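Hi,

Here is the structure I said I'd pass on.

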Amino acid sequence: MARLTRQRLARRTPLRFSTQTLLLQLGVVALVVLLTSAVHVWLTYDRLGREAENQALTLARTVASDPQVRAEVQQISALPGTPPAAELVNGPLMAAAEGARTRTGALFVVITDETGLRLAHPDAERLGERVSTDPSEALAGKEVTTRNTGTLGPSAGAKVPVFAPDSGTVVGEVSVGYSTETIGQSLARDVVPIVLTAAGALLVGVSASFLLRRRLQRLTLGLEPEEISTLVHDQVAVLQGVDDGVIGIAADGRISVFNAAAQRLLGQPDLTGTPWADAAVPAQLIALTRADAAEGDAVELLAGGRVLVASARKALHGREDLGWVVMLRDRTELQQLTRQLDAVGTMSTALRAQRHEFANQLHTIAGFMSIGQHQQARDYLARLAATGPLKFPVDQAELLQDPYLQAFLGAKGVEADERGVTLRLGPETLVRGQVTEPQEVTTVLGNLIDNAVNAAVAGSAPDRWVEVEVLDGPGTGAGGGTLHIVVGDSGDGLPAAGAGSGADAVFEEGFTTSERPVRAGAGHGLGLALARQLARRRGGDVRVLDPGSPGGPGAVFMATLPGTTVPPAAAPQGTAPNTAAPSETKPNERDIDV
């Protein structure tokens, strides 16, 4: 029995919630209808009063602008006293005022002189007396509307000055009023429609409340508020727990979701509620959500020293447009790993070539020995000892004391040699310290060399080369020494958009000199921008020293990387650089060293 009772209560829980919601809605609808009806009545009364004031003002202006009235008031105001009441009753001012009052149904039309004494009034006994309401503002030249109670009862009226015909001098004023009892009668006629409107609104509100109750049950699937709250908490936990950045743009163009990963990747605070078009995000992200953008295309961009892959998709529910969802993924570590794997692959290729060369040389020596040509075998070995089994593909590599730079530039030399480009070190190269930030040095140096090799291959000069000068110097603080890198090539230099005063254009995201179409999101046009961001983040820079010229030599880039080296004495044990002088380096020490 108890179990059955609990089941019944469980089934009734959504009904109780919806019933409470219905009762609350009915109460709100009733309260709103009553308040709006009361406000409607008040506004109607106020509107009728303003209409009476405006009508009185119009009539007062008409009477005050009548030439005969102006002339008569000026003539009377010029007299030392006021004419007797018997003369005023039969005068032109009384006729004009009474005629206007009769035609318009006004409560009164009163004309006074410059002192406020009545020259025309519906009650002849009041002629020659001072008006019961203050005429000072009208006599000062101002038009005013009033609601007050005079000798004829409460009224809504207006006061207008009367000016002399031949000057702007105020010689009197005209007061016009309409009875507020007439306004009350008009309001009484409007109350019936108001009541009927209120009753209709109440009926519509009750019907809408019942329909809303049914829709609420259908939309919430019969869930209780606690269950809905749990679902929201779960959604927030999932949204904030993923590593990918998620940005939601509502249909009205405002950011509705900006999770913690998006804040971290873009280096921005929570931008929820900000208009998407004005948000402090890269322009490439905003371009993804334009109407003419291809949905689903991924683009690479730089933000805060990170390489991000962004994509956008339209959010639809049936035919309802819910806006856009932008996804951000961090590819910085993947690109660094890819660059390192490329270097390792290049080194392995060089090692395979070296092994093949060694095998050929051993076969040659074995052949000499098998045929008894011992002297020729000794001469062959002497030549090998003098030249080395496989020449290192970077000229003057002995100027580098750091084994990491030797290995990296060696790998780049092999890669450049395969493309018909000679990679050499400049005569000013001298590195005596130890590289402490290999990843950042690899990114900056590798991008500069790759761009230079591409430029040399695309150049018109028959002799294709890339020259690198690396020099380490003391640091300005406690963060280590500074590595200076200069890279030049034999290409045709920078295009007009990247030369001269616009040299910084080559560091903009998406800038590329390649004439071939590239796939969206392939990473083209990001190398120099990323290199400059990394250098500037360390307090250095990457800049163009010489834009080059057509036919060669090509552009010259310089990078400064503070805090990336330490002196030889401070190098970690087991990684001490070679301290031999360049002149003491043996020939076979220029072979590839792993």
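Arg-126 is partly exposed at 31% relative accessibility, and so is Asp-123 at 27% (buried means under 20% relative accessible area, exposed over 50%, partly exposed in between, with a 1.4 Å probe and protein chains only). Their side chains form a salt bridge, 3.8 Å from N to O (a side-chain nitrogen of Lys or Arg within 4 Å of a carboxyl oxygen of Asp or Glu).

Before I go on: this is a predicted model, where local features need pLDDT of at least 70 and side-chain atom pairs 80 or more, while totals for chains, interfaces and linings use all residues. Residues are numbered from 1 along each chain as its sequence is written, and side-chain values use heavy atoms, leaving out hydrogens and water.

The salt bridge count comes to 14. Another one pairs Lys-412 with Asp-450, with the closest N and O atoms 2.8 Å apart. Lys-412 sits in helix α12 (residues 403-418) and Asp-450 in helix α13, 38 residues apart (helices being DSSP runs of H or I, at least four residues, numbered from the N terminus). Lys-412 is buried at 9%, whereas Asp-450 is partly exposed at 22%.

Then there's Arg-537 with Glu-440, at 3.9 Å N to O. Arg-537 lies in helix α14 and Glu-440 in α13, so this pair ties together parts 97 residues apart in sequence. Arg-537 is exposed at 52%, but Glu-440 is buried at 17%.

Cheers

Note on methods
Helix = DSSP H or I, 4+ residues; strand = E, 2+ residues; numbered from the N terminus.
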